[in-house]
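Please look at the sequence and the structure together as you read, and keep both open while the text leads you from one element to the next.

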Amino acid sequence: TSAAQETREMASILLRRVLTKDEVSLWANLQAQTQDGIKGELLKSLQEESVKSITRKVCDTVCELAAGIFEDGKWPELLPFLFQCVTAGTPNLRESALNVFAQLAQYVGESLVPHLATLHGILAQCLQAPERPIQLAALRACCCFVESLENPTDRGKFQDLLPAMLATLGGALQGGDEADAQEALGLFVELAGSDPRFVRKH
C-alpha cells in the first residue's frame, strides 16, 4: 500500500519469494488469520494497483500461491472474485483477472472443469471486447485452458471460440503492434502443437 512505486514493486517481488519458493516458504508457518489477511490484500492490490508492471507481479504471486492451496479448498474466495472482475471490472482489472486465469490453468486446470460453462461464457465475451489487451488476455486464457484440459470432450467445448480467437489473432497482426502479433501467433502455434485436432477445422 506504499505510495512509492518502487517500494510496491519490491514488496510484490519479496512477498512472492517468501510465500511461494519451497525452500524458503513461510506460508505454512503463518497463522490462518495472517494467511487470510495476505490473500485479502493480494486481491485488493489487484483491484487498486494502477501500474501495469506491479499488477503483473501481483498476478504472478496470486497464481503461485493459488497453485499451492487452491486445490485443497484453502482459497474459496478466489474464483468468485475473478469471475466478478472479468464480468464487471475496469478494463485493466478484466485483463488482470484473465491473466490470472491463464496462469491458473497451468497449475490447476482440471480443478476448473466444474466451471467450464462459466469460463466459456466469460472468454467468449472478452474475445469480443473492444479493447485489444482484453482480447489478447482472453486468447491467452483460452489457449492455456485448452492445453491444460486432459479430456478431449472438455477441450471440444471451447472449439466454437476458434473464430473469435482467430479474429483476435488477425486483429493483432493488422494492428501494427509487433509484440502483440508475435505473442498471439505463438499462442496458436503452441496450441496447434499440443492439440492439432482442436485447430484442424479452421
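The model is a predicted one, in which local features need pLDDT of at least 70 and side-chain atom pairs count only at pLDDT 80 or more, while totals for chains, interfaces and linings use all residues. Residues are numbered from 1 along each chain as its sequence is written, and side-chain values use heavy atoms, with hydrogens and water left out.

The names of the helices follow DSSP runs (H or I, at least four residues, for helices and E, at least two, for strands), numbered from the N terminus. Helix α4 covers residues 78-88, and its axis comes within 8 Å of the axis of α5, crossing at roughly 135°; such axes are lines fitted to C-alpha atoms, for helices over the stretch in contact, and angles run from 0 to 180 degrees between N-to-C directions. The two helices α4 and α5 are therefore oblique to each other, since angles under 35 degrees count as roughly parallel, over 145 as roughly antiparallel, 65 to 115 as roughly perpendicular and the rest as oblique. Their contact (heavy atoms within 4.5 Å) joins L78, L79, L82, F83, C85 and V86 of α4 to L93, R94, A97, L98, V100, F101 and L104 of α5. By class, this contact of α4 with α5 has 12 nonpolar, no polar and 1 charged residues, where Ala, Val, Leu, Ile, Met, Phe, Trp, Tyr, Cys and Pro count as nonpolar, Asp, Glu, Lys and Arg as charged, and the others, Gly among them, as polar.

Helix α6 (residues 116-127) packs against α4 at an angle of about 25°, with the axes 10 Å apart, and that makes α4 roughly parallel to α6. Here F83, V86 and T87 in α4 meet T118, L119, I122, Q125 and C126 in α6, a contact that divides into 5 nonpolar, 3 polar and no charged residues.

Helices α5 and α6 also pack together, at an angle of about 135° and with axes 12 Å apart, and they are therefore oblique to each other. R94, L98 and F101 of α5 make this contact with L119, L123, Q125 and C126 of α6.

From the helices we turn to an open space.
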